[in-house]
Amino acid sequence: MNTPARAAQPIGIFDSGIGGATVLRELHLLLPHEDILFLADQANVPYGPRATNELRALSAANTYWLRAHGAKIIVVACNTASAAALQWLRAEFPALSFVGMVPAVKPAAAQTHSGVVGVLATPATLQGELLDEVVLRWAGGTTVVRQGCPGLVEQIEAGAFDSPTTLEMLKEFLQPLLAAGADTIVLGCTHYPFVAPQIQQLAGPQVQLIDAAPAVARQTLRVLAEHGLVQPHTERRGEITYATTGSPAALARLIAQLGLPPGRVIHAST
């Protein structure tokens, strides 16, 4: 039974690193009075090259940690973990509600004028069944060009948004999509919105970028409301706690560099 005390517990979010903070940012805008507990598994970043069984084990460890710290819902703010583990997590933790990342192919297919949509993602997301299902269901008549971005998450985690290496990588990743005529590009990893300005500049103003984070925030609100877990609105601002399995000092620097909502930064042992 859900109670006011249960509704007052934090929203739990996890990702392999700082990328999930793109979802945190949208959630904080939508629900500013909710407490948020964000777990960055930076000791194990990146998730993209990892096998499914390893991704499920890491996702379970993150879930256990967030649940132990009072999370009332778990947002899997990682496309790679969602593709590999979301349905599995729901079966393993039936008492918890989960919201995951779905590649934003549906809105991209609805908005394209050229009929070609590009998807930038990690190798694990591109190989996952979830992307295939979304393309099959929502992208009929649309050409979907998939592009893996090995190494890009590591560049973002290092705060190297404008470095020559990052820009060269982005040029290389964008070239096949633009050559195919893509006028709409899905940012299929929560890290990638942090380099959206660089992607936009390289792709040109005629290309539209699609970020799923706002839709995930709205879905989180819907699930909370369905379960009676929305914190009653007050003048109180929600508290944000950032936890990392890596270096809290390094995470704090990245939070400041990105202009993310302020909060305390702690170390997590999962």
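Two strands are said to pair if DSSP finds at least two bridges between them. With that in mind, this predicted model has an open sheet of four strands, paired in parallel in the order E6-E5-E7-E8. A second open sheet has six strands, also with parallel pairing, in the order E4-E3-E1-E2-E9-E10.

**Overall build**
- The protein chain contains 12 helices and 10 strands.
- Its radius of gyration is 18 Å, close to the 18 Å that the globule rule gives for 270 residues, so the chain is as compact as a globular protein of that length.
- Taken along the principal axes, a box of roughly 55 × 40 × 40 Å holds the C-alpha atoms of the protein chain.

**The four-stranded sheet**
- In the sheet ordered E6-E5-E7-E8, the edges are strand E6 (143–148) and strand E8 (208–210); each has a single partner strand, so one side of each is left without a neighbour in the sheet.
- On average, neighbouring strands of this sheet are turned by 25° against each other, direction ignored.
- Strand E5 (residues 116–121) pairs with E6 in the parallel sense over six bridges, and Gly118 stands opposite Val145 in E6.
- Helix H9 (residues 164–179) packs on this sheet and touches E5, E6 and strand E7 (184–187), with its direction making about 165° with that of E6.

**The six-stranded sheet**
- In the sheet ordered E4-E3-E1-E2-E9-E10, strand E4 (98–100) and strand E10 (264–267) stand at the edges; each has a single partner strand, so one side of each is left without a neighbour in the sheet.
- Strand E9 (residues 240–244) and E10 pair in the parallel sense over four bridges, and Thr244 stands opposite His267 in E10.
- Helix H2 (residues 21–30) packs on this sheet, touching strand E1 (11–15), strand E2 (36–40), strand E3 (73–76) and E9; the direction of H2 makes about 175° with that of E2.
- Helix H4 (residues 79–92) lies across E1, E3 and E4, and runs at about 160° to E4.

- Rolling a probe the size of a water molecule over the atoms shows where empty space is left.
- Searching the whole structure turns up one cavity of 30 Å³ or more, and the largest cavity holds about 70 Å³ of space.
- Its lining has 13 residues, with Ser16, Cys78, Thr80, Thr122 and Cys189 lying nearest the centre.
- By type, the lining of the largest cavity divides into five nonpolar residues, seven polar and one charged.

Notes
Residues numbered from 1 in each chain as written. Predicted model: local features only at pLDDT ≥ 70, side-chain atom pairs only at ≥ 80, totals over all residues. Heavy atoms only, no water. 1 Å grid on protein atoms, 1.4 Å probe; cavity = no way out; pocket = protein on both sides within 12 Å on 5 of 7 lines; lining within 4 Å. Points joined across faces, edges and corners; volume = space filled by probe spheres on them. Nonpolar A, V, L, I, M, F, W, Y, C, P; charged D, E, K, R; others polar. Helix = DSSP H or I, 4+ residues; strand = E, 2+ residues; numbered from the N terminus. Axes fitted to C-alpha atoms, helices over the stretch in contact; angles between N-to-C directions. Contact = heavy atoms within 4.5 Å. Rg over C-alpha atoms; globule rule 2.2 N^0.38 Å.
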